[in-house]
Amino acid sequence: MRLPHLHLPYLHIHVHDRPLAGDPHPHNPFHWKLYFCEAVATAVLMILGLSAVILLTAPGSPLSAPLLHHPYIQTALCGLCFGLSGTAAAMTPFGKVSGAHINPSVTLAFSLAKRIGGIDALNYMIAQVIGAFLGTAMVYEAGKLVAWWGNMAVAVHYGATVPYDHISIWWAMWSEMFVTAALIAMLYWLAAHPRWKFITPWSGGLFFLVMNPITAWLSGNSVNFARTLAPALFAGEWAGLWVYVVGPFAGASLAVMAIRMNLLGKLHLLEARLVNFGHHGRVPGLDDPHRKLNHPDDHLHIPPASEPAGEGTAPGATHI
């Protein structure tokens with residue numbers, strides 16, 4: 001028995017979702033599916049990332065004991081695992097739909113580059129904070145159910161990042177700014193080159209594998225206000241919280257400025273996604289994140305399948 005086709009002209013869940021490049025649909029300024037997916041992807045980042053930090057650094061962990069006398073290796077592995085947690089979040093259907101910014105600094109960079117509208121950028125940041133809180137809350141609740149896990153989580157303050165207290169706090173701020181600028185520049189450069197875009201989702205782990213032993217002692221290499229705020233709420237670690245707002249946001253701004261000045265060469269990004277390029281600005285569906293969803297009313301330029309992802313121009317989008 002075939003069900004009758006229901007035509008609901010005022011219900012366009014997929015059709016009118018915000019293209020992350022170009023102009024939004026005039027009758028739909030809010031795009032709740034994107035925000036929901038971004039929150040879930042950020043929660044995945046926090047669950048996996050904080051769990052890795054707890055296992056690698058907490059007293060009593062079977063993984064931390066062999067690393068106790070090798071702090072540089074321990075710090076590098078923390079960076080690698082947290083970065084790869086971002087990769088895992090990006091590879092979920094939720095991350096592929098939202099573009100997996102999972103970081104207010106990344107969203108700010110896309111906003112400054114005019115790849116995402118102001119309303120969507122603000123709601124992405126709110127979603128990231130909510131997702132980070134939910135992810136940390138799940139780690140916290142797991143500690144209430146399993147005593148040994150809770151003891152380890154408390155011992156490392158739920159993976160909270162705080163400035164090193166034996167030097168000026170400004171060093172922590174400069175570190176956050178520099179590392180964020182380098183991260184954004186690297187992500188943009190990789191994402192803008194079709195030959196290297198397959199590396200983009202994996203680059204965060206490699207980046208922090210190298211950077212953590214160099215600069216993590218200054219500030220923890222958060223580069224992500226949502227990632228810092230959520231553990232701070234559970235651990236009560238409020239020292240220098242402003243560093244993780246000013247530093248990463250300033251670093252993202254500097255990176256976009258350098259890109260606009262062509263200091264890294266001419267970089268062309270079509271859409272505000274770090275992963276799953278090829279949607280050409282149209283939001284995919286959760287059931288099939290790789291499928292573009294188009295509509296006769298759409299006025300966004302959809303390049304043919306043979307055109308490399310990330311090239312071309314969308315209405316309202318300007319090249320960096």
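**Stop 1: F110.** Select F110 first. F110 is buried, because its relative accessible area is 0% and the cut-off for buried is under 20%. This residue lies in helix α5, which covers residues 104-112. F110 and S253 are 143 residues apart in sequence, yet their C-alpha atoms are 9.9 Å apart in space. Keep in mind that this is a predicted model.

**Stop 2: the whole chain.** Zoom out and colour by secondary structure. How many helices and strands are there in the chain? The chain has eleven helices and zero strands. Along the sequence the pattern reads α-α-α-α-α-α-α-α-α-α-α. Of the 320 residues, 52% are buried. Take the contacts with a separation of 6 or more: residues 24 or more positions apart account for 74% of them.

**Stop 3: α1 against α3.** Select residues 32-57 for helix α1 and residues 71-91 for helix α3. Two packed helices are described by the angle between their axes and the distance between the axes. Here the angle is about 160 degrees and the axes are 8 Å apart. The cut-off for roughly antiparallel is over 145 degrees, so α1 and α3 are roughly antiparallel to each other. The crossing of α1 past α3 is right-handed.

Show side chains at the contact. From α1, select A41, V44, L45, L48, G49, L50, A52, V53, L56 and T57. From α3, select Q74, L77, C78, C81, F82, S85, G86, A88 and A89. Colour them by class: the contact of α1 with α3 has 14 nonpolar, five polar and no charged residues.

**Stop 4: P59.** Move on to the loop between α1 and α2, where P59 sits. Is P59 buried or exposed? P59 counts as exposed, because its relative accessibility is 59% and the cut-off for exposed is over 50%. Beyond its neighbours within four places in sequence, P59 is in contact with S64, M152, A155 and V156.

**Stop 5: S98.** Select residues 93-98, which form helix α4, and pick out S98. S98 is buried, with a relative accessible area of 0%. Where does its side chain go? The side chain of S98 reaches the backbone nitrogen of A100 at 3.2 Å.

**Stop 6: α8 against α11.** Select residues 169-192 for helix α8 and residues 243-260 for helix α11. Their axes come within 7 Å and cross at roughly 40 degrees. That makes α8 oblique to α11. Look along the crossing: α8 passes α11 right-handed.

Show the contact residues next. On α8 they are I169, A172, M173, E176, M177, T180, A181, I184, A185 and Y188. On α11 they are V243, Y244, V246, G247, P248, A250, G251, A252, L254, A255 and I259. By class, the contact of α8 with α11 has 17 nonpolar, three polar and one charged residues.

**Stop 7: E176.** Stay on helix α8 and centre on E176. E176 counts as buried, at 0% relative accessibility. What does the side chain of E176 reach? It reaches the backbone nitrogen of V223 at 2.7 Å. Not counting residues up to four places away in sequence, E176 touches S219, N221, S222, V223, V243, Y244, G247 and P248.

**Stop 8: N224.** Now step across to N224. E176 and N224 are 48 residues apart in sequence, and their C-alpha atoms are 9.0 Å apart in space. N224 is found in the loop between α9 (200-219) and α10 (225-235).

Draw two distances from the polar atoms of the N224 side chain. One goes to the backbone oxygen of I102, at 2.8 Å. Another goes to the backbone nitrogen of A226, at 3.1 Å. Finish by displaying the other contacts of N224. Leaving aside neighbours within four places in sequence, they are L45, I102, N103, P104 and P248. L45 also belongs to the contact of α1 with α3, and P248 to the contact of α8 with α11.

Terms used
Residues are numbered from 1 along each chain as its sequence is written. This is a predicted model: local features need pLDDT of at least 70, side-chain atom pairs count only at pLDDT 80 or more; totals for chains, interfaces and linings use all residues. Side-chain values use heavy atoms; hydrogens and water are left out. Helices (H or I, at least four residues) and strands (E, at least two) are DSSP runs, numbered from the N terminus. Buried means under 20% relative accessible area, exposed over 50%, partly exposed in between (1.4 Å probe, protein chains only). A polar contact is a pair of N or O atoms within 3.5 Å; within protein, one must be able to donate a hydrogen and the other to accept it, and residues adjacent in sequence count only if both atoms are side-chain atoms. Axes are lines fitted to C-alpha atoms, for helices over the stretch in contact, and angles run from 0 to 180 degrees between N-to-C directions. Angles under 35 degrees count as roughly parallel, over 145 as roughly antiparallel, 65 to 115 as roughly perpendicular and the rest as oblique. A crossing is left-handed if the near helix is turned anticlockwise from the far one by less than a right angle, and right-handed if clockwise. Contact means heavy atoms within 4.5 Å. Ala, Val, Leu, Ile, Met, Phe, Trp, Tyr, Cys and Pro count as nonpolar, Asp, Glu, Lys and Arg as charged, and the others, Gly among them, as polar.
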